Amino acid sequence: MSLRVATRRSFERLAPYQAPVEGRAGKLRLDFNENTEGCPPGVLRALRRLTREQVAMYPEYQAATRRLARFFRVRPEELLLTNGVDDALRLMVDTFVEEGTGVLLAEPTFTMYRFYAALAGAQVLALRYDRAMRFPLDEALHVLRRGAAAPRLLFIANPNNPTGTLVAPGALERILKAASRTLVVVDEAYFEFSGVTVLPWIRRHERLVVLRTFSKAAGLAGLRLGCLFANRRLAGVLRTACSPFNVNSVALVAAEAVLGDPGFVRRYVRQVTRSRAELQKALERLGIRAYPSAANFVLADFGGRAPELLRGLERRGILLRDRPADLGRRGPVRITVGTRAQTRRLIRELEKLW
Ligand SMILES: *Cc1c(COP(=O)(O)O)cnc(C)c1O
């Protein structure tokens, strides 16, 4: 059946729609890098105090923006609230990409960079991480120095999803120097786990955008809240293209409750760091290759038995993420690292199946 209405030309080249995974509640969710413990308890208390008027009103952003800006040590003009990092990515693309515009990225990486770029009809320039999962720095520098033919956007997840690897600050500095005509988007969704950030650099680099999210360590994935940071001029441009009510007021109440309990995220991160070491050791013991990670997940190579092992774990109520596309063959599996008890349960089941 024909729609009789044309889609954007770029739409024809999109990969077919894949429904997000459903029915995960109650299982051990080691597949989406969420906080596996749940949100801070103070969030639920704050949500219970919401009034009928608050819910009935369109959201207001000024007070929350000020408090978040103070927390992140930036000025309110340097911060945009977004409906998750996803919304920030779409905003970047909506503002700067048109049919044929170059967008640079290095794969494997977060799939939404390619998705939004392709939806807008961008010419996606995809470099590859090497076999040791190192960022292709020299190639990236080369592409950025193409003058007028340089891409308009470069997306870097740092730490990268799904590799868990970090681009060192020195390398990022070289990238930013080379990017004289390119906006560099550094997605720090896993900052709490890595402790590495270039957020203060937004004052020095006018083409730098830094992204953070409340979906991972902070445990608010279901409420959708992200933060986009840039110098005030660039932030002003982006604000013009932003939907006026992109973030809901419940997410803002929840975010304030997260900020009010910094110990929760700190303790969770400490626990994940210990669990990650324990998981790495167990994988090594089993002879499963795994890459070093600065985030709350580990990319492991289960080889040809990956599908069978994943099905076995799923039958035991444990979800992992199959990433066959990432290395161009069966085997890579991304494992979210949760609490120590959850990690031990995974290791026990994996030892039985391996
Ligand atoms: C999970 C993840 C995000 C989070 O996106 P939200 O839309 O904020 O939930 C962003 N970037 C990367 C690299 C991620 O892995």
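Me: Which residues of helix α1 are buried?
Reply: In this predicted model, the buried residues of α1, which runs over residues 41-48, are Gly42, Val43 and Ala46, where buried means under 20% relative accessible area with a 1.4 Å probe, counting protein chains only. Helices here are DSSP runs of H or I with at least four residues, and strands are runs of E with at least two, both numbered from the N terminus.

Me: What arc do they cover around the axis?
Reply: They cover an arc of only 105°, which puts them on the same side of α1; the arc is that of the directions from the helix axis to the C-beta atoms.

Me: And what covers them?
Reply: The cover includes α10 (249-259), with contact meaning heavy atoms within 4.5 Å.

Me: Changing topic, how many helices and strands does the chain have?
Reply: The protein chain has 14 helices and 13 strands. Its radius of gyration, taken over C-alpha atoms, is 21 Å, close to the 20 Å that the globule rule (2.2 Å times the number of residues to the power 0.38) gives for 354 residues, so the chain is as compact as a globular protein of that length.

Me: What percentage of the residues count as buried?
Reply: Of the 354 residues of the protein chain, 52% count as buried.

Me: How should I read the numbering and the confidence limits?
Reply: Residues are numbered from 1 along each chain as its sequence is written, and side-chain values use heavy atoms, leaving out hydrogens and water. Local features need pLDDT of at least 70 and side-chain atom pairs count only at pLDDT 80 or more, while totals for chains, interfaces and linings use all residues.

Me: What does the C-alpha trace span?
Reply: Along its principal axes, the trace spans about 55 × 55 × 50 Å.

Definitions and conventions. Buried < 20%, exposed > 50% of the residue type's maximum accessible area, 1.4 Å probe, protein only.
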